[in-house]
Amino acid sequence: MNAALIAIALFTVGTAVAALSRRNLLHSVLLLAGSWTGVAAFFLWAGAEFAAFAQVLIYVGAISMVVLFAVLLTRRSRDDLAPEPAARGRAFYAILTGTAVAAVLLVTVGRTAFPPGPALPPVLTVGQIGDQLMGPQAAALLVVGVLLTVAILGAVVLAARDGPAEPGDRR
Amino acid sequence: MPPLLEHLWVIPALPLVAAALAAVTPRRGRRFAAGAAIAAMLGALAVSGWALCLALADPAAHRVANFTWFALGEGAVRLGWLLDPLTALMAVMVSLVSLLIFVFSLGYMAEDGNFTRFFCFLSLFAAAMLGVIVANSLLLLFICWELVGVASYLLIGFWFHRPAAAAAAKKAFLVTRIGDLGLLLGLVWLYDATGSLLLYDGGHGVLEAGVLAGLATPGVAGGLAASTAIGLLIFCGAAGKSGQFPLHVWLPDAMEGPTPVSALIHAATMVAAGVFLIARIYPLMAADQALAGVPFHALTVVAGIGAITALLGAMIASAQHDLKRILAYSTISQLGYMMLALGVGSWVAAIFHLLTHAFFKALLFLGAGSVIHAAHHEQDIRRLGGLRGPLRTTFATFAVGMMALSGVPFFFSGFWSKEAIVRAASEWSVSSLPLCAALAGVALTAFYMTRLMCEVFGGAARSPDAAHARESPPSMTGPLIGLAAGAIALGFLGTPAWPWLQSRLTGTRIAPRSLLEGGGLMALSILLVAAGLAAGWALYGRRPRTTAAAPDPLAAAAPRLYAFLGARMKFDELYAATVGRLHAFAARLADFLDSRVWDASVRMLARLGERTGAANSAADSAGLNAGFDAGSARIRGVGRAYSRAQTGEAHGYLRVLAVGFVVLALLALLGGGR
Amino acid sequence: MNAAAAPAEPILERAPGLLRDWLLAFLPEPARWMANSLLIIAALLAVAGLLFAFLTLAERKVLGRIQNRPGPNRTGWFGLLQPFADGIKMLTKEDIVPRDADPVLHLLAPVALIACSVLTFAVIPYGRHLVPVELDAGVLYFFAAGAGTELAVFMAGWASHNKFALLAAMRALAQLISYELPLLLSFVPVVLVTGTLSTTGIVAAQAGWRWHFLPHWLVFTPWGAAGFVLFMVSALAESNRSPFDLPEAESELIAGHLTEYSGFKYALFFMAEYFGMCALSGMAVTLFLGGWQAPLPFLGFVPSYAWFAAKILLLLFGFIWIRATLPRLRIDQLTRFAWKFLVPLALVNLGTTAFWVLSGPWAGSLQLLRWAVALALVAGPFLLLGRRLGAGLGPRAYRYA
Amino acid sequence: MSSLQLCLGFSSVLFAVGLAGALGRSNSIIVLLGLELMLNAANLNFIAFWRFGPAPAAGTGVLFVIFAIAVTAAETAVGLALVIAIYRHQHNIRLAEAVRLKG
């Protein structure tokens, strides 16, 4: 079953790398949607159905939509994708840092001895999740609801164009 | 258990609702606001009357209704209502007096623009006070206690446009806050020691024998019992609220508030809250009585403070000019009496005196208010006078109050309650000083009250305002009459011959005593009263002053003492000299450190950097060889490298985070490796 | 198509299962589960494909009848062969890819679209024993899988480097984002009442009849009716059907995101749209119309999948009818309708449902009160919001188009 | 190499990729996406530990993931709104140039 895991991991990481290295924003967003789907696949593999569907529904269904929207709202023309100066240096340092972090994390993971987990994925029905959410986690649920509301309002306020159209907004 | 008990909260809730209503009424809704407040007080009075009947049915019982406010971890904060004769009597007294005073305010505040706000505050205060009374949890009591403080602050500063009033409000708030700090500490300690703040909780309350036994073991600080320390801390709060000796300075200034406020808060109810508190937790205060070998008992301190306050207030009162200040100081001294009674172990006498005092002092204040109202807000007794004629009702009722306060025998409540206190003091084994103080206070009280009467009502009018005085409207005289009736009748509830009140309060049958046994003491105090009256009449009544400027006879007799007393024993100056000076010194010290030490060091460093930079540039500009250039260039480069960290650029910060994480993790790994 | 049915049931009911078992019997044991899945998929695709084919024909005929014209009637009897002719035409057409287009995405878009819409078929219970995949969170899966379609539409619009297509993509985004919310909110009450996210569970919860003639279908409750209407309206918008077909508004954007597509890809788009329509109708039937349950007790002998088919066809006819009847909205009206009307109503409906659940144990005459209150809760906001809906609609001002 | 370690390795690599992306690109939308990836990696860990951890019955990991997803949605909404605001002020969305608050 690790084969499936490795396949998922390769797919996810591959799409992620491609997404972040593409110069074309649209492509990166779509690729990233793929990588998110990969994460959802991992959730499925681990037996967390609900989380997987929520992941797809929210990331692929909502977040990528919003990102695409933002992309279309903020692109001047299709050819301002030219690399800005000093991109190379930054990219190099970024990759360096990323590798360092990855190395440290991997070493840590490799060094730690984890107790063997259960062979079969644990069963967690939607009902149980609902009970958890409405029972012990009710407070957190409320807080998250409030947070979402506030975030939506804040986003609207931020993104709403203030006053008459400015020269920048030609669409 | 009757349903009333669970719903005892109704008593404070009614005025609270009235306050809320008044708060939202527009300024012109005067009648509505006042009506709501008065109706609420009527309701509260009715309910407390019912509660009284219930409580008197079984005086010995402490009926409680506790409930959990909220759960905190495994512990839970619990509040509750308590119904026993003490509660019920206080509730009835407070709501009755408040009702009368509300009615009085109708007339007194009639011209005020902020009428609705005034009633809002009054109702708020009444609610808080009733809350203090019905609370069965020291926590709830503390909350209401602070609310009372806030309400009193608002009401003292009601005419905030007067700087004096604003200052007085601030002073009252701060001084009582000192005491409340002690109270809070006491409560925290108590909670820490017993794990509960409920007074009665079926054996687990802090006032019940099981818990008290645990508290009353010596060996805390200086061999004191925990109960002693806690009791004294709580007493700090009580002393602050009821203006006991070290903390009494705020009460006279509080007279800047409207007179009904002075009558309600600073004579009848709030200042009595301290006494009530001590009486309420009396078992705790008295827990250490049995202990031997402790340096002193809590009640001893209470008695001492009470005695000092009683004497001191009476002395200062006899050298004041402001009508309301005199009454304020007499209030202080009367409160001292109550504390003294508590201290010498007869809390019943204290409560008895509290009730009677509430009536006659409220009566006196309202009378003073009526006088002031009539005399166009003239408060200086030297500029009043000759009001006996125009203000008949006021004069008669005021006289009743005066005689009750100065303990004129047999027909006035003050006499009996004061007798009870004096008797209790005489039966105290520890020391006889309180008794002497009490007796001296009796004489002084009679003296200054006589002085007041003669100055205000006797002689001829000494100012145009006094000359044109008119009798106040019935809405003001009505309450006066009611209070006067109370001031006379209430005394007969507690005569030694028929100790109804005492036996109800303690819940134990107290055998009536004939007036003759221990009659010597009574005779002595009667003599003292007579002496005081006579002295007052001799000094002020026989030859009443003719002009406002004429010197005070007492001043003529003993100028320096008079000046000292007139300056209120220089307490404010003393505090200003000690506490204020200290505070100012601390401020100056901080300022010094700030401006000299730190600033200087910073400047020094700056100059150092400046110097080095100058040297650097000098060496550079000298430009003897490229080495300097290179060196400085490198320096500059380093500087730039550092300053690059300051770009407001998100990437930089993120990178720093990541790198920092890597470094830390590496350290951890290498550390964990071996 | 899960375990074989109890023999007590009529033969027709068990027919698909028996057929499946008979076919699988030819195969060796280890290959069976694989074959089973493949069989299911094949059956699904076949049925869906045929449905699609005849749906196009039905649409054209119905539209024609509504517009007083015969509609296609040349190919085959009554034009029954028309769809196949169309299919052949589509397959043989040239597949044009514009020069500046993004070839990968241009190809990927229809594939992704069709894939997502087919995926959604997996959890719909077509009959008592005809549930392709039993999922504990079936409804969630349905919408998760459907979420991809929006992405695909956008890809199509953006990939074909074309002004109208891009505008269509923007519109599609705005529209789909706006209508996702009421769509999800309108089925939450169902979950609230049935207490499960699994489609079979929801259908099972609607079994039985009140007073032996009124089925326990959720649509027969005040909130259920409201939720059903909300769901159908949002479904119309989600599947880009008229009157919400702005992304492909012929009169404004030529054909929107379909402009640069031709041949088989175009056919795929077309198919995906109809698939989406069918899937949403199927979900609506499952959620509100009692799934495969028979409407009346004595009609139990008719096999369950027949009932399901009847209901879904009814809904599809409704789709077509609406398309033939209603004019297209304007983009601002569209979003306004979603945010100011559907979403609030859906939220209110949630509250109504909560009341309904809480007042469940009420007895006797209180039941009347319960119904009255629920109806008021449904109708009141509708009238209130409905009055304000048309108010203050400014002049035609497009922001994204 | 146990499955849990595989999962953790997967998530760490994903995290690193996201970090590199967030660091390396100056387009603020891409930076946001990188952050999303990092959050996803964190979610991976939650699920992994829930799957192979000692007490999966509580379902804490899944709940955590659900909450995290919700919070992420909020974060994205606000972030993109900020991006649009930035775009309105400086007519591009290069994070490197959004240094107006530089001290």
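Colleague: At what angle do the axes of helix α4 and helix α21 of chain B cross?

Modeller: Keep in mind that this is a predicted model. In chain B, take α4 at residues 85-108 and α21 at residues 474-489. Their axes come within 7 Å, and the crossing angle is roughly 155°.

Colleague: Are α4(B) and α21(B) roughly parallel or antiparallel to each other?

Modeller: Angles over 145 degrees count as roughly antiparallel. The axes of α4 and α21 of chain B cross at roughly 155°. The two helices α4(B) and α21(B) are therefore roughly antiparallel.

Colleague: In which hand does α4(B) pass α21(B), and which residues make the contact?

Modeller: The crossing of α4(B) past α21(B) is left-handed. On the α21(B) side the contact uses B:Ser475, B:Met476, B:Gly478, B:Pro479, B:Gly482 and B:Leu483. From α4(B) come B:Leu100, B:Ile101, B:Val103, B:Phe104, B:Leu106, B:Gly107 and B:Tyr108.

Colleague: How many residues of helix α19 of chain B are buried?

Modeller: α19 of chain B covers residues 433-457 and has 25 residues. From first C-alpha to last, α19 reaches 36 Å, close to the 36 Å expected at 1.5 Å a residue. α19(B) is mostly covered, and the number of its residues that are buried is 21.

Colleague: Which residue takes a positive phi just after α19(B)?

Modeller: Look just past the end of α19(B). There, a phi of about 65° is taken by B:Gly459.

Colleague: How are α15(B) and α19(B) oriented to each other, roughly parallel or antiparallel?

Modeller: Helix α15 of chain B spans residues 323-343, and its axis lies 11 Å from that of α19(B). The packing angle of the two is about 160°. That makes α15(B), relative to α19(B), roughly antiparallel.

Colleague: Which residues of α15(B) meet α19(B)?

Modeller: α15(B) passes α19(B) in a left-handed crossing. The α19(B) partners are B:Pro434, B:Ala438, B:Gly441, B:Thr445, B:Tyr448, B:Leu452 and B:Val456. By class, the contact of α15(B) with α19(B) has nine nonpolar, four polar and no charged residues. The α15(B) residues are B:Leu323, B:Ile326, B:Ser330, B:Ser333, B:Tyr337 and B:Leu340.

Colleague: Which helix gives the most to the side of chain A that touches chain D?

Modeller: Here 75 residues of chain A are in contact with 65 residues of chain D. Helices of chain A that each supply at least two residues to that side include α1 (2-21), α3 (49-74) and α4 (87-111). With 14 residues, the one that gives the most is α4(A).

Colleague: How many charged residues are on the side of chain A that touches chain D?

Modeller: This side of chain A, facing chain D, has 53 nonpolar residues and 16 polar ones. The charged residues come to six.

Colleague: What percentage of the residues in chain D are buried?

Modeller: Chain D has three helices and zero strands, while chain A has six helices and zero strands. In chain A, 37% of the 171 residues are buried. For the 103 residues of chain D, the buried share is 61%.

Methods: Residues are numbered from 1 along each chain as its sequence is written. Chains are lettered from A and ligands numbered from 1 in the order in which they are written. This is a predicted model: local features need pLDDT of at least 70, side-chain atom pairs count only at pLDDT 80 or more; totals for chains, interfaces and linings use all residues. Axes are lines fitted to C-alpha atoms, for helices over the stretch in contact, and angles run from 0 to 180 degrees between N-to-C directions. Helices (H or I, at least four residues) and strands (E, at least two) are DSSP runs, numbered from the N terminus. Angles under 35 degrees count as roughly parallel, over 145 as roughly antiparallel, 65 to 115 as roughly perpendicular and the rest as oblique. A crossing is left-handed if the near helix is turned anticlockwise from the far one by less than a right angle, and right-handed if clockwise. Two residues are in contact if their C-beta atoms, placed from the backbone, lie within 7 Å. The expected span of a helix is 1.5 Å times one less than its number of residues. A residue is buried if 20 or more other C-beta atoms lie within 10 Å of its own, exposed if 12 or fewer, and partly exposed in between; C-beta atoms are placed from the backbone. Ala, Val, Leu, Ile, Met, Phe, Trp, Tyr, Cys and Pro count as nonpolar, Asp, Glu, Lys and Arg as charged, and the others, Gly among them, as polar.
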